[in-house]
Amino acid sequence: MSVKTYAMAIRDTLAAEMRRDERVFCMGEDIETAGGSFGCTRDLYKEFGIERVRNTPISEAGFVGMGVGAANAGMRPVVELMYWDFSYVCMDQILNQAAKIRYMFGGKARVPLVIRGQQGIGKGNAAQHSQCPEVFFMHMPGLKVAMPSCAEDACGLLRTAIRDDNPVAFIEHKALYFIKQEVPEDPDFMIPFGQAKIKREGSDVTVVGTHLFVGRSLEAADIVEKEGISCEVIDPRTIVPFDYDTVIESVKKTGRLVIAHEAYKTAGMGAQVAAYVQEHAFKYLDAPIQIVGAMHCPIPFNATLENTVIPSVDDVAAAIRRTMYK
Amino acid sequence: MAQEIIMPKQGLQMTEGTIIKWLAKEGDAVKEGQPLFEMETDKLTITIDSTASGTLLKIVAGEGETIPVAQVIAYVGEPGEQAGAAAAQSAPAAEIPAAGGSTANTVIMPKQGLQMTEGTILHWLVEEGGAVQKGQPLFEMETDKLTITIDSDFTGTLLKIVHGEGDTVPVAQPIAYIGAPGDAIPAAEAEAPAPAEQAAAPAAQAAAPAQSAPGGERRFSTPRARWRAEEKGVKIDAVPGTGPEGLIIERDVLSFAAAAPRATPLAKKAAQSAGVDLAGITGSGPRGKITRSDVAAAAAPAAAEPAPAAPAAARGETFIPLSGMRKVVAERMKASLLEMAQANHRMSVDMTEAVRVREQLKARGVKVSYNDIIMRCTARALTEFPMMNASMAEDGIVVKHYVNMGMAVAVEGGLVVPVIRDADRKSLTEIAREAADLAARTKENRLQPDEYTGGTFTVSNLGMFGVDSFTAVINPPEAGILAVGKMAKTPVVEGDAIVIRPMLTLSLTYDHRVIDGAPAAQFLAKVKELLENPALLL
């Protein structure tokens, strides 16, 4: 075990996997000597060379497509998108190619591809560089989607993603990269997909949060605990596959559900989880399910406005209170 | 949809009743509780009150018609409402016949006594799917007056239990179906909501908002609140809602269930008269419901407490709160003595011949008791002295032309008087058989209402306790009661010799308003004569 940042956990896991399996290689913009915009590939080129830590032109469609092809050909590429906002440039490669090739080729072709990168607010990067597009990849059959909220989860989930023969959208967060945590050094430490983690036990309200909203939900839980409300906070860790069982078990106990995420509220991950839970656990609900998500408008550049559009800890607490009719 | 007026079940054996007279006509306004029609069964004639308010839209069964129990006989509702489209199809409530099969028999909540409006099912004695014979005990129930075991009216398979243990059901509502496997369940009843629905009810059904409150206002509740209400046997409509716009939420149901101890109507009454708080009692009934026996048990230790509290130095008192039955007996005894002018006289009876009759019958394998013989003789005497078989009414005296002999039976905590109907028309052996059966079932709490009502004269026997003679209190509204003492070998004078004879004292208490001393004495003399000369009964 050693304490390291989320970014370093990713870097070290990449290194360990590249040592273990020579088919694993990295591609992306400025990942070689620059070590990636957020340091996630720092100095890897020194150990593995520039063939395995490969800079690409600014052409997401091109290099993500190359990743699909390389995966078909038997390699295990880890392709970096500098911002998940840039996935819009290569949606066909991700949604029509990577997601569907195995199915369309009757299993004869595989796509053991990891597309990794960061999303969300944290650097005042405004409308085109602060989005959270995770739901597009949840919506499309054929992709797995991981969203680690801490360094340990980043390490365990990345290893699982690299060793998975299926295409994985590995979504990190720019504001979480610098958070430190103890991470196991075990070169086989893996966290299975579809296994949520209960970050805090409680009895009155179930709160499901991803990325920044794991922390914000825990803070909101502290606030409402003083008002006599006990929250159970769950981090799904992967949204495909989604651990609905853990959430439903919790809702059976509490009767109330709040889903909090940074992505736009409309048709976001929260909407899907709410629909599923009300369909499968309707009789256990004592209040309408609350979804906390960003306002339906492009993320502002202005910091005050950004904080208005993106939900705060208080917004999560208010949603919790609404389920208690308070 | 108009409300149905059905042929009510008067007593368990009743299967059909005859409408004698309608007290309202089609188009009249009627109110719930207002006398609506007179009917007759093979046991009694009775006026039935309306169970609904509104306009008497349609009379389906006319005067003189004989209708099976639970069948629709009229409709009450708003003018212009559809009066029984279902009834138009066939006389019984519309049924969906199974292809090639027949329809199951409906077991309904029976009416125990005229005031009963609902009963609580305590235990089902047969499981769903089990075989059941007519006359076999089927379920135990409790009303606000009694606990009773109900026998099955039908032979077959208990196809479906509609109301489970702990459910409180209005009189005449279906509670189960008995028939052959594959029989159709009658449609009109199948539509009635079954509270024991699976949790996996389709989302569409579960999405239907809460049932209307009696006032007709729609009340909303969350799915979880409804789940809890079902779990706890709470009627969701009874729960006050604290959510937005009166929404009933989980905590409302939980606090309602915790605050309101679940008890049967009889238990609630007993608790009230015993001065016992239901909140402190653990229920032994279905799903933890408090039954009358739980209340009695709770009341007893409460009474015992003052005793240990008193130190050895002072001898204190024990306070026993009144149980339901004790209270009723107390009230009736007092009322009897206050209302009537009761007088008493007694005679010694030589029971030699009665002993001989009993021995003769015993030798032939027929068991009769002295009390049976006394009842037989008394019944005959009453036919010759009808004023003893009467009741004081407001402006006159009602002389009854039938003799229903009440026989006092001591039960735990009280006294019950089952009745042998038409005792003057029954032979000694019939009386003996019936008396034994009634006494046994009285002690088991298994009497039907027509077996403890309608008496015209009572015989009370304390001989088995060694009492020589006593003065009994008349059982209102009767006019007389015969108290029987113990039979003992006694020296008596015959001619000028002293002989030993089995003697017994009969003590007659009579209502002096109805009958004077002389005729009352003649009546008792007649009873004595018959006992001493049983051949006169032949």
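**Note on the interface of chain B and chain A**

1. Chain B and chain A bury about 1,000 Å² between them, with 57% of that area on carbon and sulfur atoms. On the side of chain B, Pro223(B), Arg224(B) and Trp227(B) lose the most area to chain A; together they account for 49% of what that side buries. Keep in mind that this is a predicted model.

2. Contacts come next. Chain B brings 14 residues into contact with 13 residues of chain A.

3. The count of salt bridges between chain B and chain A is 1. Its partners are Arg256(A) and Glu250(B). Their closest N and O atoms lie 3.4 Å apart. The pair qualifies because the cut-off is 4 Å.

4. Three helices of chain B each supply at least two residues of the side that touches chain A: α3 (203-207), α4 (223-232) and α5 (250-259). The largest share, 5 residues, comes from α4(B). By residue type, the side of chain B that touches chain A divides into 9 nonpolar, 1 polar and 4 charged.

5. On cysteines: a search of the whole structure finds 0 disulfides over all chains. Cys150(A) has a relative accessible area of 13% and so counts as buried, the cut-off being under 20%. Cys377(B) is also buried, with a relative accessible area of 1%.

Definitions and conventions. Residues numbered from 1 in each chain as written. Chains lettered and ligands numbered in written order. Predicted model: local features only at pLDDT ≥ 70, side-chain atom pairs only at ≥ 80, totals over all residues. Heavy atoms only, no water. Contact = heavy atoms within 4.5 Å. Buried area = accessible area lost by both parts, 1.4 Å probe. Salt bridge = Lys/Arg side-chain N within 4 Å of Asp/Glu carboxyl O. Helix = DSSP H or I, 4+ residues; strand = E, 2+ residues; numbered from the N terminus. Nonpolar A, V, L, I, M, F, W, Y, C, P; charged D, E, K, R; others polar. Disulfide = S-S within 2.5 Å. Buried < 20%, exposed > 50% of the residue type's maximum accessible area, 1.4 Å probe, protein only.
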